[in-house]
Amino acid sequence: VLFRSSEGSLLGMIAAENNKFVNAFVSIAGAGRPADEILKEQLDKAPKDVKDVIFPMIDTLKKGDTVGNVPVIFYGLFRPSVQPYMISWLKYNPQTEIKKLEIPVLILQGLTDVQVKETDANLLSKAQPKAELKLIKNMNHVLKDCDTTDKEKQKPIYSNPDLPLNKEFTADVIDFIKKLK
């Protein structure tokens, strides 16, 4: 069984396709839309002058070209060393990739996840109708119990490694694996 979460879910889909060593796939908080759409959505509330610089850079990378003269303020996202990775990432659509899988698939999504939304899980499920979809109430992006989507209130949960994984998440994974036998 191949488990991948968040951005790694897409990589897992690609790795699992026609892979004789993988008999099932679990997508945990996996994006259901292409990365350029997600990045633009996340940056949509930025000031217009910022979007006027960033959105064309995203479009250039999506076309497979690198971006020169990146303003230092945007190096965290667009520094030259990360651009080849971004180009490779932006060429994939998770819905297309999950549709290719011919193995059992489990899609897990927390309903208090502030990074990946229920919409993404539903898009993956629609693209792969044979998949089992589990939407988990009160689970955030780091798979911990959380009853709010307030980012500030979630920060302590993200940074506390002593908090246990959400019990429903754990049970769903175990049940899925047991069914494979």
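Helix α3 and helix α5 (residues 83-90) pack at an angle of about 75 degrees, their axes lying 8 Å apart. Axes here are lines fitted to C-alpha atoms, for helices over the stretch in contact, with angles running from 0 to 180 degrees between N-to-C directions. The helices α3 and α5 are therefore roughly perpendicular to each other; this term covers angles of 65 to 115 degrees, whereas those under 35 count as roughly parallel, those over 145 as roughly antiparallel and the rest as oblique. Helices (H or I, at least four residues) and strands (E, at least two) are DSSP runs, numbered from the N terminus.

The model is predicted: local features need pLDDT of at least 70 and side-chain atom pairs count only at pLDDT 80 or more, while totals for chains, interfaces and linings use all residues. Residues are numbered from 1 along each chain as its sequence is written, and side-chain values use heavy atoms, with hydrogens and water left out.

Where α3 and α5 meet, I58, L61 and K62 of α3 are in contact (heavy atoms within 4.5 Å) with Q83, M86, I87 and L90 of α5. By class, this contact has 5 nonpolar, 1 polar and 1 charged residues. In this scheme Ala, Val, Leu, Ile, Met, Phe, Trp, Tyr, Cys and Pro count as nonpolar, Asp, Glu, Lys and Arg as charged, and the others, Gly among them, as polar.

Side chains of opposite charge can pair when their charged atoms come close. A salt bridge is defined as a side-chain nitrogen of Lys or Arg within 4 Å of a carboxyl oxygen of Asp or Glu, and by this rule the count comes to 10 salt bridges. One of them joins D36 and K62, whose closest N and O atoms are 3.2 Å apart. This pair links distant parts of the chain, with D36 in helix α2 (residues 35-42) and K62 in helix α3 (residues 48-62), 26 residues apart. With a relative accessible area of 12%, D36 is buried, whereas K62, at 36%, is partly exposed. Buried means under 20% relative accessible area, exposed over 50%, and partly exposed in between (1.4 Å probe, protein chains only).

A further salt bridge connects K51 with D44 (3.6 Å, N to O). D44 is located in the loop between α2 and α3 and is partly exposed, at 42% relative accessibility. Beyond its neighbours within four places in sequence, D44 contacts K51 and F55. The C-alpha atoms of D44 and F55 are 9.4 Å apart, and the two residues are separated by 11 residues in sequence. E132 and K134 also form a salt bridge (3.8 Å, N to O); E132 is partly exposed at 22%, as is K134 at 27%. Salt bridges that share partners join R33, E41 and D120 into one network.

Two buried residues with polar side chains were also examined. Q109, in strand β3 (residues 105-110), has a relative accessibility of 1% and counts as buried. A polar atom of its side chain lies 2.9 Å from the backbone oxygen of V116. Outside four places in sequence, the contacts of Q109 include A29, G30, K134 and M139. N166 occupies the loop between α8 (151-158) and α9 (167-180) and is buried, at 4% relative accessibility. A polar atom of the N166 side chain is 2.9 Å from the backbone nitrogen of F169. Residues touched by N166, apart from those up to four places away in sequence, include I136, N138, M139 and L143.

Note on methods
A polar contact is a pair of N or O atoms within 3.5 Å; within protein, one must be able to donate a hydrogen and the other to accept it, and residues adjacent in sequence count only if both atoms are side-chain atoms.
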